[in-house]
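Open the model in your viewer and keep the selection panel at hand. We will go stop by stop.

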Amino acid sequence: MNTLTDRYIAAALRPIPERQRADIERELRASVEDAVEARVAAGASTAAAEEAAVRELGDPERLAARYLDRPRYLIGPAVYRDWARLLRVLLTTVVPIVAVVAVAVRTATGDGAGDVILGAASTALVVALQLCFWTTLAFAAVERWAPGWRGTAAEWTPADLPEIEQSRVAAGELLLWVTMPVLGIVGLIWQQRLTLVLDDGEAVPLLRPENWSFWWPYLMVVMVLSVALALWVWRVGWTVATAGVKVALTLAFAVPAVWLLTEGRAFNPRIFDLLDLGSADRVESVVTTVAVVAVMAAAVGDVIDTVRRAFRQRRLPCRPAVSPWARSSSTPRRES
Amino acid sequence: MLATHRQELRRGTVVVACLTVLRTPGYGYALLEALDAAGFGVEANTLYPLLRRLEAQGLLTSDWNTEEARPRKFYRTTAHGEAVAATLREDWAGLNAAITELDRGGRP
């Protein structure tokens, strides 16, 4: 039967290559026996001494790793930042594009809303996992076989410092932000009353009129809230709270819109017959796909931009928030 | 947290301690006891691989002593190792003086 010492040494030697094994074994065995001898001389029993000596040496795999001087991590500090940055850039650019393309493809082939969303989500997830895996694998390989490479860490200069972004919303951006929903509301009402398409002199709405019972008013409410949010952000600046609300509103608009489009409940079916551009189904499919892609791309781009802005704000050093509506009556004017 | 800082301090000095003690040839366990008695709480699983690493760097040489019943690997500091140890000891003395000075300077 193998003694504790034998088992420990066997376990410690297993990861060690053949070349070094004999020498390390001799030395380790001698060291353990010396330790046991010393403890027995101090009055312990042989069994207790052996156990204490082995316990002191610790996990045999860790000991072997120290003998081999192998790095005990996958991605070390020198390349970590580059890995994290690359992964972040890949995930925030490639995955949304893939999701939008997947939605477009499934919509064009005429799947229902549930299939479209599930399919796009699963495709996006698979792509994200693949990106994570291959990036990590590449950097782990660099860590092990190109240890001198320090990536971009060695090349930083003060010229690389980014400008501090204003937390206030610029006037032009605010104008755009307010105008779009207003145009949207006006557009919704206008397409119902007067349109480009006439059928025997009667106006034919572009969007399905049945949805006036709920969906079109709902979208109008979302757009009004969006205007209110714009004013709030202009007053308060970008914070995590305002960013969260913006993301929620974007999703509150985009998700039902995409759902209505893929379910074929957004457009007025008579339109496609009247437009006479070819097979009504094909025209509807193409228009729906384009609309879905547009809505999704805009929503995804908006969410990413908002999130990025909110996180950049969080990292800024604290500056006193100055409300654009505050009077500077407290600061004395300098008399010239 | 304090334990981490103390470990950091000790980790920086175990190499110069080994190189200095091994001017007289010594083997693994005896060295461990000597360092322990001198106040260096080095662990066995750190010391044994460290001796090999120092040998690979040319600061120590090793010899198998087969005279006794139990063959033991004796390490000894090389000339290069001695030069490195001398430099490290100088650095150590300098740091010691600097810290003493800082400490004195801190008192009114």
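Which residues of helix 1 of chain B meet helix 3 of chain B? Select B:Val14, B:Val15 and B:Cys18 in helix 1; they meet B:Leu47, B:Leu50 and B:Leu54 in helix 3. Contact means heavy atoms within 4.5 Å. By class, this contact has six nonpolar, no polar and no charged residues. (Ala, Val, Leu, Ile, Met, Phe, Trp, Tyr, Cys and Pro count as nonpolar; Asp, Glu, Lys and Arg as charged; the others, Gly among them, as polar.)

Some ground rules. This is a predicted model, in which local features need pLDDT of at least 70, side-chain atom pairs count only at pLDDT 80 or more, and totals for chains, interfaces and linings use all residues. Residues are numbered from 1 along each chain as its sequence is written, chains are lettered from A and ligands numbered from 1 in the order in which they are written, and side-chain values use heavy atoms, with hydrogens and water left out.

**Chain B: helix pairs**

Show helix 1 (residues 2-21) with helix 3 of chain B: their axes come within 11 Å and cross at roughly 70°. Helices are DSSP runs (H or I, at least four residues), numbered from the N terminus. Axes are lines fitted to C-alpha atoms over the stretch in contact, and angles run from 0 to 180 degrees between N-to-C directions. The two helices are therefore roughly perpendicular to each other. (Angles under 35 degrees count as roughly parallel, over 145 as roughly antiparallel, 65 to 115 as roughly perpendicular and the rest as oblique.)

Helix 2 packs on helix 3 (residues 44-56) of chain B at about 125°, with the axes 10 Å apart. That pair is therefore oblique. Helix 2 contributes B:Gly28, B:Tyr29 and B:Leu31 among others, and helix 3 contributes residues including B:Ala44 and B:Tyr48.

Select helix 1 (residues 4-13) and helix 4 (residues 60-68) of chain A. Their axes come within 8 Å and cross at roughly 45°. A:Tyr8, A:Ala11 and A:Ala12 in helix 1 of chain A meet A:Pro60, A:Leu63 and A:Ala64 in helix 4 of chain A.

Next, trace helix 5 (residues 77-108) of chain A, which has 32 residues. Just after helix 5 of chain A, A:Gly110 takes a positive phi of about 85°.

**Last stop: the interface**

Show both chains. The contact takes 19 residues from chain A and 16 residues from chain B.

Conventions: Expected span 1.5 Å × (residues − 1).
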